[in-house]
Amino acid sequence: MAEATSGLGALVITEVEHVELGRFRARELRPRVERRQIRLGVGGRFGVRLSLGRLRPVVVEVHEGARDDEVAIPAVADPWVTSVRRTLMLCAAALALGWWVDRRRARASGHDRLWPVRRVRRARSRGTCARGHPPRDRVQTEVPIENAEAMRELAQVLERAPASHCFGTAVSAGDRTVIPVAEVTYGVGFGWGSGGPPDAGGGGAGGRARGSR
Amino acid sequence: MIELAPEGVRVHPVYDQTRITLAGITFASTAAALASRTLLKLLRG
């Protein structure tokens with residue numbers, strides 16, 4: 001039985017792409033789209049890979065004869081994302097307050113509590129887990145790399161979604177033309193693992209695309 | 001939304017009032033529940 005390699009990695013990628021929207025009444029439109037991706041990966045006896053991405057149109061370049069102009073596209077915050085972010089901050093504040101009050105009470109009663117990290121370190125030095133149980137026997141097997149490679153290929157389908165998906169079909173009425181613009185976000189995640197029988201392994205993938213503007 | 005008019009090219013942001021209202025109500029109720037639960041736990045010990 002070979003011991004599997006393990007590691008943790010994170011990567012943030014920002015790219016700018018141009019989209020040719022075409023010519024509308026002697027004006028050529030060429031929007032710039034910012035593609036931002038965050039890739040996280042953990043590998044070992046089991047592995048997880050998570051890729052979050054966003055396609056955001058930032059500027060429309062307008063070419064009219066010899067004149068070039070740029071019109072900025074303002075970012076519109078998603079109210080649900082803002083709401084979830086604020087709720088998470090509140091939860092963190094409530095947890096920190098609860099822990100602080102608990103610790104003060106424990107100190108006042110003479111039973112000082114250890115911080116969780118110190119508790120784990122002390123348990124490890126004793127050869128047990130944090131709750132005092134003996135450590136489990138770990139079976140190390142080789143990670144089936146073919147599964148991870150196949151899942152990575154699948155994830156790249158969403159990661160390379162074209163920037164033209166941010167723009168809808170132009171609608172003309174009278175002397176005006178309107179082009180819908182959207183911000184596209186997506187997330188891809190998959191995992192693989194092994195253990196138990198020597199050749200066991202598995203994986204899964206999922207993705208999501210959403211327009212918010 | 002990109003608008004092409006004879007005067008020039010303009011970009012108008014589109015705000016969905018229904019989503020903003022629903023997200024606001026959800027956040028307010030969650031914050032109230034969380035605050036009351038924390039306060040009660042702190043007071044009771």
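This is a predicted model: local features need pLDDT of at least 70, side-chain atom pairs count only at pLDDT 80 or more; totals for chains, interfaces and linings use all residues.
Helices (H or I, at least four residues) and strands (E, at least two) are DSSP runs numbered from the N terminus.

**Confidence**
- Chain B has a mean pLDDT of 89, with 98% of its residues at 70 or more.
- The model scores ipTM 0.81 and pTM 0.65.

**Contact between the chains**
- Chain B contributes 23 residues and chain A 28 residues to the contact, where two residues are in contact if their C-beta atoms, placed from the backbone, lie within 7 Å.
- On the chain B side, strand S1 (2-5), S2 and H1 each supply at least two residues, and H1(B) gives the most, with 11 residues.
- That side of chain B has 16 nonpolar, 3 polar and 4 charged residues; Ala, Val, Leu, Ile, Met, Phe, Trp, Tyr, Cys and Pro count as nonpolar, Asp, Glu, Lys and Arg as charged, and the others, Gly among them, as polar.
- Strand S7 (residues 176-179) of chain A runs antiparallel to S1(B) and is joined to it by 3 bridges, with A:Thr177 opposite B:Leu4; two strands pair if DSSP finds at least two bridges between them.

**Nonpolar core**
- The largest nonpolar core holds 14 residues, of which A:Leu55, A:Val60, A:Cys166, A:Val181, B:Ile2 and B:Val9 touch the most other members.
- Such a core is a set of buried Ala, Val, Leu, Ile, Met, Phe, Trp, Tyr and Cys residues joined through C-beta atoms within 7 Å, and a residue is buried if 20 or more other C-beta atoms lie within 10 Å of its own.
- Beyond its neighbours within four places in sequence, B:Ile2 is in contact with A:Val60, A:Ile179, A:Val181, B:Val9 and B:Val11.

**Strand pairing in chain A**
- Strand S1 (residues 7-18) of chain A is joined to S3(A) by 12 bridges in the antiparallel sense, and A:Thr14 stands opposite A:Arg36.
- S3(A) and S4(A) are antiparallel, with 15 bridges; A:Arg35 stands opposite A:Leu55.

Key. Residues are numbered from 1 along each chain as its sequence is written. Chains are lettered from A and ligands numbered from 1 in the order in which they are written. pLDDT is the predictor's confidence in each residue, from 0 to 100. A residue is buried if 20 or more other C-beta atoms lie within 10 Å of its own, exposed if 12 or fewer, and partly exposed in between; C-beta atoms are placed from the backbone.
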